[in-house]
Amino acid sequence: MLKFVPFEEIGKERWDEFCLDSNDAWFRHTSASLKFCLSLNGLNKNFSFALVEGDKILAVAPVIRQPISGEDGLFEFTMGGDPIPLPALNNELVGSRREKILKTILLRIDEIAKAENIAYARMFIDPLTKPFLSGQFAYNPFLKFGWNDVSLTANILDLSLSQKALFKNIRDTYRYDISGTDKLSLSVEFFDSQNISSEVF
């Protein structure tokens, strides 16, 4: 029998273990990301849940309620201003069973939204997950579940160009913000497959 289990009952160790195994999960699905999002505002609340069958987790759905900036008393489902990620499903779920489970989870998110008077929810497919990187998503899967497509276009900068050439095509306010960082004492460290560690990640 399928049942919805809140994040708190699953526990962060079991939740993160599932995320580590699921091809659909990335950092935004983990307990660390949930903890960070909750810390951003005292009114934020964790509605994340897992879909469980017997003792087996079939999926996890990160869902954080946040106040809508500048709108008193209105809330949305989002994570630190970003959309919530598409739920992560068990890798064993394929075909129509996978689609049925995803539909069940999205309907549950709708139920929570109605019960909590959520004004709107934003969701996205994390571009750093294996299915996205492998081109598995040829279309927007949310459309068949009644969600609206408000996708944004990606912007790519050719960093081989000079700063002058790059700035020529950037809006004045952005140019000002970027130039202002010169006054800050910032350092940048890059991590790749050669120097990343589990602790740093």
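A: Two strands are said to pair if DSSP finds at least two bridges between them. The model discussed here is predicted.

Q: Through what do the strands of a sheet pair?

A: Strands of a sheet pair through backbone hydrogen bonds, in either a parallel or an antiparallel sense. Here, strand β3 (residues 49–53) and strand β4 (residues 56–61) run antiparallel and are joined by five bridges. Within that pair, Ala50 has Val60 of β4 as its bridge partner.

Q: In what order do β1, β3, β4 and β8 stand in their sheet?

A: The order is β1-β3-β4-β8, in an open sheet with antiparallel pairing. Strands β1 (2–6) and β8 (88–89) each have a single partner strand, so one side of each lacks a neighbour in the sheet.

Q: Which strands does helix α2 touch?

A: Helix α2 (residues 12–21) packs on this sheet through β3, β4 and β8, and its direction makes about 85° with that of β4. Helix α4 (residues 95–115) lies across β1, β3, β4 and β8, at about 135° to β3.

Q: What is the pairing in the open sheet β2-β5-β6-β9?

A: The pairing in that four-stranded sheet is mixed. Strand β6 (residues 75–77) pairs with β9 in the parallel sense over three bridges, and the bridge partner of Phe75 in β9 is Ile118.

Q: Which residues form a nonpolar patch on the surface?

A: The patch consists of Phe191, Ile196, Val200 and Phe201, which together have about 370 Å² of accessible area. Phe191 lies in the segment after α7 (172–180); with a relative accessible area of 41%, Phe191 is partly exposed.

Notes:
Residues numbered from 1 in each chain as written. Predicted model: local features only at pLDDT ≥ 70, side-chain atom pairs only at ≥ 80, totals over all residues. Heavy atoms only, no water. Helix = DSSP H or I, 4+ residues; strand = E, 2+ residues; numbered from the N terminus. Contact = heavy atoms within 4.5 Å. Axes fitted to C-alpha atoms, helices over the stretch in contact; angles between N-to-C directions. Patch = residues over 30% accessible without salt bridge, like charges linked within 9 Å, V, L, I, M, F, W, Y side chains within 5 Å. Areas by Shrake-Rupley, 256 points an atom, 1.4 Å probe, with all protein chains shown as cover. Salt bridge = Lys/Arg side-chain N within 4 Å of Asp/Glu carboxyl O. Buried < 20%, exposed > 50% of the residue type's maximum accessible area, 1.4 Å probe, protein only.
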